[in-house]
Amino acid sequence: MERGAAGLLLVNQPSECTVSFDRRFDELVLFNAELELLAEGFRWVEGPVWFGDHNCLLFSDIPNNRTMRWSPEHGVSVFREPSDYANGQTRDRQGRLITCHHASRCLTRLEADGTQTTMATSAHGKRLNAPNDVVVKRDGSIWFSDPLYGLLNDYEGGRQPSEQPPALYRLDPNTGAIEAMASDFDGPNGLAFSPDERKLYVAESGAPGVAEPRQYIRVFDVAADGLSLSGGEIFQKITPGWADGFRVDEHGNIWCGAADGVHCIAPDGTLIGKVLVPKRVSNLCFGDRFHSRLFLCASTALYALFTNTRGAQAP
Ligand code: MG
């Protein structure tokens with residue numbers, strides 16, 4: 001690796017960091033944008049969320065029980081520690097940080113005055129498992145996945161018994177009501193709506209130790225009133241590795257973390273290209289001024305790549 005003029009480590013030459021399988025992908029990437037290593041030395045990073053009003057990225061370093069902050073001006077710093085083993089994060093319609101926590105098995109909201117509100121700890125009278133990832137719909141409802149992963153070992157929050165099967169939930173922030181939207185999952189994980197919010201994509205990362213784990217991105221049809229889902233068929237199998245976190249761009253393409261980098265899947269289900277990353281990508285988000293820069297949480301490191309597309313829902 002060499003070091004660029006801005007002090008960033010250049011991981012690959014431009015022609016080497018993307019692989020195109022379809023001409024549609026060529027229009028989404030830039031010939032002269034390189035994969036940049038922004039920071040490293042973490043344990044397992046996840047949950048990236050862009051704050052344009054503060055020109056910074058927040059992301060979770062789960063095993064280190066801390067939330068990190070990266071900005072172009074100041075690089076990396078600790079945002080909060082301990083983080084209650086925070087994982088997935090997003091912002092609500094008011095711009096507040098919404099976070100999934102493994103250790104306390106809950107969902108929280110960080111208020112503008114810096115206080116933290118616990119939004120969800122249980123569903124149907126039983127404790128949640130370990131909320132993993134979260135997205136907010138335009139109507140303000142909060143959708144989150146609740147697999148067992150964060151309960152299975154001490155590394156990401158502490159081993160605890162489960163009280164209910166994995167599920168995907170919808171939380172009404174006005175009433176506090178939590179309803180299971182789908183529960184036939186071996187590990188619901190990352191999730192994102194299509195740009196028109198008529199479809200919801202959900203990663204199913206599979207149960208550990210199973211011979212043929214269910215490891216897919218599935219696609220659901222969202223009811224017109226936004227209160228239920230139907231369908232749920234397999235949309236894409238991510239290999240090598242499995243689907244974890246992903247985002248949708250303005251054209252409806254899905255950018256999904258995988259063992260070899262980021263896979264870009266067109267709305268019709270075609271794998272149209274890849275961003276090759278030296279480490280397994282767990283989760284990602286669009287950010288920067290135009291929401292056209294991909295920030296990649298990749299195992300122990302944070303990478304970024306400028307693209308020629310923009311995130312579907314710029315907060
Ligand atoms: Mg996840």
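Two strands count as paired when DSSP finds at least two bridges between them, and strands themselves are DSSP runs of E, at least two residues long, numbered from the N terminus. The model is predicted, so local features need pLDDT of at least 70 and side-chain atom pairs count only at pLDDT 80 or more, while totals for chains, interfaces and linings use all residues. Numbering runs from 1 along each chain as its sequence is written, and side-chain values use heavy atoms, with hydrogens and water left out.

**View 1. Two hairpins that share strand S25.** S24 and S25 make a hairpin with two residues between them. Strand S24 (residues 254-258) runs antiparallel to S25, and five bridges hold the pairing. Look for Ile254 opposite Ile265 of S25. On to the next hairpin: S25 and S26 have five residues between them, and Gly269 in that turn has a positive phi of about 95 degrees. Strand S26 (residues 271-276) also pairs with S25 in the antiparallel sense over five bridges, and here Ile265 faces Leu271 in S26. As for cover, five of the five residues in strand S25 (residues 261-265) are buried (under 20% relative accessible area; exposed is over 50%, partly exposed in between, with a 1.4 Å probe and protein chains only).

View 2. Glu46 (OE), Asn132 (OD1), Asn189 (OD1) and Asp244 (OD) sit 2.2 to 2.8 Å from the magnesium ion. Donors here are N, O and S atoms within 2.8 Å of the metal (3.2 Å for Na, K and Ca); water is not among the atoms, so sites may look incomplete. Along the chain, the donor residues follow the spacing E-x85-N-x56-N-x54-D. Glu46 in strand S5 (residues 45-51) and Asn132 in the loop between strand S14 (126-127) and strand S15 (134-136) are 86 residues apart, so this pair links distant parts of the chain. Glu46 counts as buried because its relative accessibility is 2%; Asn132 is buried too, with a relative accessible area of 4%.

View 3. Four strands line up as S5-S6-S7-S8 with antiparallel pairing. S5 and strand S8 (75-80) are the edge strands, each pairing on one side only. Neighbouring strands are turned by 25 degrees against each other on average, direction ignored (axes are lines fitted to C-alpha atoms, for helices over the stretch in contact, and angles run from 0 to 180 degrees between N-to-C directions). Five bridges join S5 to strand S6 (residues 56-61), and the bridge partner of Glu46 in S6 is Ser60.

**View 4. Phe193 and Val222.** Phe193 belongs to strand S19 (residues 188-193) and is buried at 4% relative accessibility. Phe193 and Val222 are 29 residues apart in sequence and 9.1 Å apart in space, C-alpha to C-alpha.
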